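Here's a set of exercises to work through with the model open beside you. Try each task before you read its solution.

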Amino acid sequence: MARKNPFAKIIDDDTRTIDEDKRPSRPVSDYAAKGASRSLLKSLDELAARADKLVEGETIVELEPELIDASFVRDRRADDEAEFNQLLERIRERGQDSPILVRPNPKSAGRYMVVFGHRRWKVAQALGRKVRAVVKDIQDREHVLALGQENAARADVPFIDRALFAADVVRLRYDDDNAIILSALSIDRTTLSKMLSVAGLPSPILDAIGQAKNVGRDRWYELKLLLDSPANQERALETIREDAFPALSSEARFDFLVRKLKSKPSRRQTQTSKRNWTPQDSALSAEISAEGKKFTLALKAKTSDARAFGEYLSENLDRLYEDFRRETIPQETGG
């Protein structure tokens with residue numbers, strides 16, 4: 001069974017962004033149209049034209065999974081265990097319907113690199129079977145375009161995985177205006193900007209949340225805005241360390257964290273005690289308050305007695321403190 005060409009309409013104006021709002025993306029021709037960008041777009045046209053024959057009508061061979069290496073860019077951070085097991089059982093029962101696409105590994109003679117079809121390759125490894133594949137000698141840019149476009153055609157790829165894939169490609173700096181990744185994922189610049197900002201969130205937080213497959217672009221970007229606050233980042237790191245957090249599903253972890261960051265931080269209630277003191281002659285009075293680790297003594301009088309008594313206390317603080325230490329701290333006794 002021939003697989004639909006993953007490069008089809010790679011720079012077609014009718015290409016649409018796969019996201020929760022299903023809105024059409026801008027045509028790639030809108031991204032850049034002059035100078036070096038024009039030259040790059042022309043090269044993308046040529047890559048797309050070459051790609052028309054990448055899979056369809058090509059000879060399918062069977063390869064040992066051990067001779068194949070993973071892609072140099074990741075399209076998914078992790079496989080959903082349930083989905084992987086379903087695919088494994090399906091292939092076990094009726095075989096591998098669609099071939100994967102591999103290329104000769106440019107850094108290791110005699111080996112191959114997966115372009116797309118990682119899960120089918122892993123299933124072949126698990127089953128101890130050869131994997132059906134089309135082998136094409138393509139360059140890195142074509143590799144990125146094929147992998148991105150193949151995933152753009154799949155609705156089950158989580159947004160966070162698309163975002164991290166986009167960030168990986170941007171770091172490779174194939175171009176100065178990101179036309180390659182815009183074409184690969186069929187997205188506009190606004191979406192790419194949001195993807196990159198989400199992908200830049202602290203790794204411990206992203207790893208703790210996981211794929212959150214049902215969480216789309218807008219909600220991930222909402223979390224990003226919440227985490228712009230350093231205080232919220234600290235709260236997030238504390239939250240993911242809670243014992244109950246890992247037990248939640250990925251989507252539940254996401255929801256729990258967002259609710260926590262939107263709620264007002266709880267403040268510890270500090271007990272405050274206040275009392276008044278007046279001597280027998282009532283010549284002055286003292287207001288005494290204790291709050292946490294703070295103790296305040298305020299003297300008041302109609303005459304100068306408050307000031308005079310205050311000066312007396314100040315001058316005798318050393319002696320008073322020594323008396324306090326002797327009375328409150330047990331003395332060591334000799335053995």
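## Exercise 1: a charge and a ring

Task: find which ring the charged end of Lys194 sits over.

Solution. The ring belongs to Tyr221, and the charged end of Lys194 lies 5.1 Å from its centre. The rule to apply is that NZ of Lys or CZ of Arg must be within 6 Å of the ring centre and within 35 degrees of the ring normal.

Before going on, some ground rules. This is a predicted model, with residues numbered from 1 along each chain as its sequence is written. Local features need pLDDT of at least 70, side-chain atom pairs count only at pLDDT 80 or more, totals for chains, interfaces and linings use all residues, and side-chain values use heavy atoms, with hydrogens and water left out.

## Exercise 2: aromatic pairs

Solution. 

Step 1, the rule. A pair of aromatic rings is described by the distance of the centres and the angle of the planes. Rings of Phe, Tyr and Trp (its six-membered ring) pair if their centres lie within 6.5 Å; planes under 30 degrees apart are stacked, over 60 edge-to-face, and the rest tilted. The structure holds 5 aromatic pairs.

The cut-offs here: buried is under 20% relative accessible area, exposed is over 50%, and partly exposed lies in between (1.4 Å probe, protein chains only).

Step 3, Tyr321 and Phe324. Tyr321 comes out partly exposed at 47%, and Phe324 partly exposed at 42%.

Step 4, look for a cluster. Ring pairs link Phe309 and Tyr312 with Trp277.

## Exercise 3: salt bridges

Task: work out which residues Asp323 bridges to, and whether Lys224 is buried or exposed.

Solution. 

Step 1, the rule. Side chains of opposite charge can pair when their charged atoms come close. Count a salt bridge when a side-chain nitrogen of Lys or Arg is within 4 Å of a carboxyl oxygen of Asp or Glu. That gives 16 salt bridges.

Step 2, Asp323. One partner is Arg319, with the closest N and O atoms 3.8 Å apart.

Step 3, accessibility. Asp323 is partly exposed at 23%, as is Arg319 at 39%, whereas Arg326 is exposed at 51%.

Step 4, Lys224. This residue bridges to Asp228, with the closest N and O atoms 3.2 Å apart. Lys224 is buried at 17% relative accessible area, while Asp228 is partly exposed at 47%.

Step 5, a network. Salt bridges also link Glu83, Arg119 and Lys213.

## Exercise 4: a sheet and its helix

Task: give the order of the strands in the open sheet and say which strands helix 12 touches.

Solution. 

Step 1, order. The 3 strands run 6-7-8 with antiparallel pairing, where pairing needs at least two DSSP bridges between two strands.

Step 2, edges. Strand 6 (272-277) and strand 8 (294-300) are the edge strands, each pairing on one side only.

Step 3, details. Strand 6 pairs with strand 7 (residues 285-291) over 6 bridges. Asn276 stands opposite Glu287 in strand 7.

Step 4, the helix. Helix 12 packs on the sheet and touches strand 6 and strand 8, with contact meaning heavy atoms within 4.5 Å. The direction of helix 12 makes about 140 degrees with that of strand 8. For such angles, axes are lines fitted to C-alpha atoms, for helices over the stretch in contact, and angles run from 0 to 180 degrees between N-to-C directions.

Notes: Helix = DSSP H or I, 4+ residues; strand = E, 2+ residues; numbered from the N terminus.
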